[in-house]
Amino acid sequence: MVLARWTLLDRHVVVRGWAQALVAGSLIVGGPLAVLAPEPRWPDLVTSAGVQIAVVCALPSVAAMRELAIVGRGTPLPYDPPDRLVTSGPYAYVRNPMQISMVLVFVALAVTFGDPRLLVPAVAAFAYSAGLAAWHEGAQLREAFGDRWVAYRSTVPSWVPRWRPAVPDGAAGRATLWVAADCGICSEVGRWFLRHDLHGLEIRPAAEHPEVLYRVTYESAGVRASGVAAVARALNHIDLRWAMAGWALGMPGVRHLVQLCTDAFGAGPRPSRSSVLEEQDDRLGDTCRLGGALDLDRGLHDELQPGRQLGDVAEGDDRTDAGADQDGRGETHLVEAVVELRPRRLQRVDAQAEVGDQR
């Protein structure tokens, strides 16, 4: 009832997707296993390895469900479809990732338990997908998305995955990975991606982003991720093997654990260089406003030679009108190291200003 209410109100789409995946997985996979009750025929090590292979075979299905929820804002069920055509994630490699996963899972389980009866659900899943689902869902998608679906269908195969991801035409198919150049670990991540053949992904410095970024950030149409989640999504733009690694890395729990480890090893959040400069500009502006209109540019730095006081320069230059501040007791303040805020443009200036009643 809760799931039905959230569906009617269009709330918690990711939770709805996970709930449907758990229910469907329990019925589709757990049901045949419970009815047939296969007994392992191989040593425990072989059986354990086979079960792990079956879990890996289920990975594209779970990743596809998350992609429908995050990008398409919908779920796999026909009465709760996505609002937009999803062509990213597993859908950039094959049109039916969920059906392929189910077939591969039952094949892996049949081999693991040595029970050919488990091939019957695999044949049933293939027949349903190739027959009813392809006919019914294909007509619905063509009606909903028109030429975009036709172009996608002509590019992405139905059952045999592509090795490289398909990139739709237009800006909607492009993605950007923003990497901070002043972060050692982040820049190494950017260089690693640049050494690979990227499809539909552009690597750009985080300092060029209009916002302040604190982690490696991935942006695409309707999707934004940061940190380990951004790297996981960026791996989808290389090839199928790295995409599989990205789908596993992006799973809840795995992603959080890896993010915790990377933060512990020095890759925690930090502002991009642009934000540092903005903060420096703000601090410098506050300092100047306190003093009036002090302009510590390179020309003034050349005028401030060792041994000369700020008052000596002020005689011919009203820019230094507020070189120092004097409180109500007549005590002078030291003007020191304002230029430390902009180390690339200015050098350190130390000057002691003695002014009378002026600021």
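Colleague: What places Arg 16 in helix α2?
Modeller: Arg 16 falls within residues 13-36, the span of helix α2; helices are DSSP runs of H or I with at least four residues, strands are runs of E with at least two, and both are numbered from the N terminus. This is a predicted model, in which local features need pLDDT of at least 70, side-chain atom pairs count only at pLDDT 80 or more, and totals for chains, interfaces and linings use all residues. Residues are numbered from 1 along each chain as its sequence is written, and side-chain values use heavy atoms, with hydrogens and water left out.

Colleague: Why is Arg 16 called buried?
Modeller: Its relative accessible area is 0%, and buried means under 20%, exposed over 50% and partly exposed in between, with a 1.4 Å probe and protein chains only. Arg 16 therefore counts as buried.

Colleague: Which residues does Arg 16 touch, leaving aside those up to four places away in sequence?
Modeller: Arg 16 touches Leu 3, Trp 6, Thr 7, Asp 10, Arg 11, Thr 75 and Asp 80, where contact means heavy atoms within 4.5 Å.

Colleague: What makes strand β1 largely enclosed by the rest of the structure?
Modeller: Five of the five residues of β1, residues 175-179, are buried, so the strand is largely enclosed. Ala 175, Leu 177 and Val 179 point one way from β1, while Thr 176 and Trp 178 point the other way. In a regular strand the side chains alternate between the two faces of the sheet.

Colleague: How do you know that β1 pairs with β2 and with β3?
Modeller: Two strands pair if DSSP finds at least two bridges between them. β1 and β2 (residues 201-205) have five bridges in the parallel sense, and Ala 175 stands opposite Leu 201. Four bridges join β1 to β3 (residues 217-220), and these two run antiparallel; here Thr 176 stands opposite Glu 219.

Colleague: Why is the unit of β1, helix α7 and β2 called right-handed?
Modeller: A crossover is right-handed if, with the strands pointing away from the viewer, the path from the first strand over the helix to the second runs clockwise. The unit of β1, α7 (residues 184-194) and β2 is assigned to that hand.

Colleague: What makes Arg 117 and Asp 115 a salt bridge?
Modeller: Their closest N and O atoms are 2.8 Å apart, and a salt bridge is a side-chain nitrogen of Lys or Arg within 4 Å of a carboxyl oxygen of Asp or Glu. Arg 117 is partly exposed at 41% relative accessibility, whereas Asp 115 is buried at 6%. The structure holds 10 salt bridges.

Colleague: Which parts does the pair of Asp 239 and Arg 164 tie together?
Modeller: The closest N and O atoms of Asp 239 and Arg 164 are 3.8 Å apart, and the pair forms a salt bridge. Asp 239 lies in the loop between α8 (228-234) and α9 (240-249) and Arg 164 in the loop between α6 (147-155) and β1, so the pair ties together parts that are 75 residues apart in sequence. Asp 239 is buried at 3% relative accessibility, and Arg 164 is partly exposed at 32%.

Colleague: How far apart are the closest N and O atoms of Arg 204 and Glu 208?
Modeller: They are 3.0 Å apart, and the two residues form a salt bridge. Arg 204 is partly exposed at 27%, and Glu 208 is partly exposed at 48%. Elsewhere, salt bridges that share partners join Arg 164, Asp 239 and Arg 241 into one network.
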